[in-house]
Amino acid sequence: MSENNHTLLEVKGIRKSFAGNHVLKGIDFDVRAGEVHVLLGENGAGKSTLIKILTGAYTKDAGEIYWEDNKVEYNTPSEAMELGIATIYQELNVVQELTVYENIFLGRELKKSGKYSFLNRKKMKEEAAKHLKRLGQDPSLLNKKVSELGIGKQQLVEIAKALTVDAKLLIMDEPTASLSGSEVEQLYATVDELRRQGMGIVFISHRLEEIKRMGDRITILRDGAGIATLPVKETSVDKMIELMVGRSLDEKYPKQYFEKGQEGLKVKNLRLKGSNQEINFTAYQGEILGVSGLVGAGRTEVMRAVFGADLKESGTIKVFGKEVNIKSPKDAIGAGLAFITEDRKGEGLILDQTLDFNIGVSSLKKFKKGGLIQLGDIKEAAKTYVKELQVRPSDINLHARKLSGGNQQKVVIAKWLCTQAKVFIFDEPTRGIDVGAKVEVYRLINSLVENGAVVIIVSSELPELLGMCDRILVMHEGKISGDLSRKEATQEKIMKAATGGM
Ligand SMILES: Nc1ncnc2c1ncn2[C@@H]1O[C@H](COP(=O)(O)OP(=O)(O)OP(=O)(O)O)[C@@H](O)[C@H]1O
Ligand SMILES: [Mg+2]
């Protein structure tokens with residue numbers, strides 16, 4: 001922490017209910033200049049709701065907010081921004097079709113003085129360059145279209161925007177959830193630099209190692225109540241889990257072993273559109289096959305092509321020995337494939353439908369008896385998954401929109417588990433899911449394997465791959481650069497293959 005660590009923001013007794021459901025039950029919380037204050041808690045604990053109150057997106061039911069020792073009231077994000085509070089939500093707010101500097105000044109464009117108030121592009125570019133430099137970026141970035149940038153850089157554009165409004169407090173809701181590898185490192189460096197410059201930062205994350213690395217203090221929420229605030233130095237990952245879940249966790253990776261069976265998914269000479277690399281791999285029954293690699297290595301692209309979400313140039317796919325012709329996701333589902341993406345907004349959920357609808361919608365065939373869909377059976381199945389995955393609230397009649405981010409992700413997983421797929425491809429299955437619920441996801445994956453399904457996990461989290469997989473493929477620049485058995489695999493070997501050193 002820097003010397004200049006006066007309290008920027010302090011809140012006392014914050015309460016919030018949604019339709020009688022007490023989501024925040026009197027929270028006290030404060031952030032100092034030059035510190036990273038982490039908010040930690042299980043899915044649905046109330047973290048996002050608290051920060052939405054701090055940023056003026058939600059109105060509190062009760063409680064007080066002090067900004068630099070003065071009591072303040074605000075009800076809109078722009079009022080909070082006036083004070084110096086900027087927020088990076090999990091879903092980025094950048095406009096893809098605009099350039100970096102246009103995004104940075106979006107809504108607050110600098111004008112030339114004079115009658116016609118033309119945009120002062122020169123000034124905006126100068127300012128943007130200054131802030132990009134402050135973030136360690138090449139200023140030439142400012143003329144690029146945002147759509148050309150990766151998620152990590154897009155997030156930096158949002159941070160640069162916060163700098164131009166002279167934010168003193170930056171709130172980030174799971175900023176690393178959509179990043180991986182080098183992008184995460186870049187974000188850490190940026191946060192370190194901003195902290196050094198005296199900015200106060202609120203950081204939400206489910207990655208406990210990251211919290212150890214990044215945080216100065218940590219506040220733990222459980223069921224809408226503040227359990228503890230303590231210096232990160234005085235805590236450990238196990239202690240965090242205990243405070244958060246209310247009990248200690250015996251095992252983070254409940255690995256089970258099964259006998260290797262048939263060739264479940266065989267991908268042969270697969271070439272993606274615009275690539276001249278050929279991909280070959282086979283996933284077997286009885287094993288969990290991991291896929292690792294840095295951002296841009298092509299992991300998701302390969303899986304999308306296998307699933308028919310993107311067109312492929314050439315190649316054959318066999319499911320349990322039978323060649324299948326997949327030209328669309330519909331073909332893939334018909335062939336027994338399931339693709340569980342992390343994108344709950346895009347292809348995952350219908351937010352204004354109930355949980356049981358969302359869980360059952362892709363499995364209607366399974367629930368048909370004598371030509372009629374058995375709604376009761378869908379409800380039963382939905383209840384079972386909601387219970388096993390600890391979805392909270394557990395009411396299957398609620399609309400998905402009412403759930404916290406992590407709980408929505410669990411519903412996406414439930415939806416696919418409900419289908420009778422034979423091959424499950426999970427892309428970052430536990431992103432945004434708390435430690436306790438992760439274990440439940442792994443257990444369900446185990447039971448899929450036990451029941452004869454083929455499971456592939458694409459993940460950026462090496463501990464997850466090392467903890468759960470029997471074999472790990474590593475990708476580098478569009479091709480498979482490593483195929484490591486569970487015994488052989490180590491972080492070092494994976495990294496080496498991922499950077500082309502093998
Ligand atoms: N708009 C809403 N209407 C009704 N209930 C809501 C609404 N937004 C949030 N909730 C409820 O408030 C509780 C806290 O949700 P919140 O999004 O703050 O959790 P979170 O701690 O951010 O969890 P996660 O780690 O999953 O993101 C949850 O039970 C959620 O269902
Ligand atoms: Mg949240």
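Modeller: Let us begin with the aromatic cluster: Phe307, Phe339 and Trp416 are linked by ring pairs. Rings of Phe, Tyr and Trp (its six-membered ring) pair if their centres lie within 6.5 Å; planes under 30 degrees apart count as stacked, over 60 as edge-to-face and the rest as tilted. This is a predicted model, in which local features need pLDDT of at least 70 and side-chain atom pairs count only at pLDDT 80 or more, while totals for chains, interfaces and linings use all residues. Side-chain values use heavy atoms, without hydrogens and water, residues are numbered from 1 along each chain as its sequence is written, and chains are lettered from A and ligands numbered from 1 in the order in which they are written.

Colleague: How many aromatic pairs does this rule give?

Modeller: A pair of aromatic rings is described by the distance of the centres and the angle of the planes. Here the count is 5 aromatic pairs. Phe18 and Tyr58 form an edge-to-face pair, 5.5 Å centre to centre with 75° between the planes. Phe18 belongs to strand S1 (residues 7–18) and Tyr58 to the loop between helix H1 (47–54) and strand S4 (62–67), so this pair ties together parts 40 residues apart in sequence. Helices (H or I, at least four residues) and strands (E, at least two) are DSSP runs, numbered from the N terminus.

Colleague: Are Phe424 and Phe426 stacked or edge-to-face?

Modeller: Phe424 and Phe426 are stacked, at 6.2 Å centre to centre and 15° between the planes.

Colleague: Is Phe424 buried or exposed?

Modeller: Buried means under 20% relative accessible area, exposed over 50%, and partly exposed in between (1.4 Å probe, protein chains only). Phe424 is buried, at 1% relative accessibility, and Phe426 is buried at 1% too. Phe18, by contrast, is partly exposed at 35%.

Colleague: Which residues does Thr419 touch?

Modeller: Contact means heavy atoms within 4.5 Å. Leaving aside residues up to four places away in sequence, Thr419 touches Ala338, Ser362, Ser363 and Phe424. Thr419 lies in the loop between helix H14 (405–418) and strand S19 (423–427), and is buried, with a relative accessible area of 11%.

Colleague: At what angle do the axes of H5 and H6 cross?

Modeller: Axes are lines fitted to C-alpha atoms, for helices over the stretch in contact, and angles run from 0 to 180 degrees between N-to-C directions. The axes of H5 (residues 151–164) and H6 (residues 182–196) come within 9 Å and cross at roughly 15°. The two helices are therefore roughly parallel (angles under 35 degrees; over 145 is roughly antiparallel, 65 to 115 roughly perpendicular and the rest oblique).
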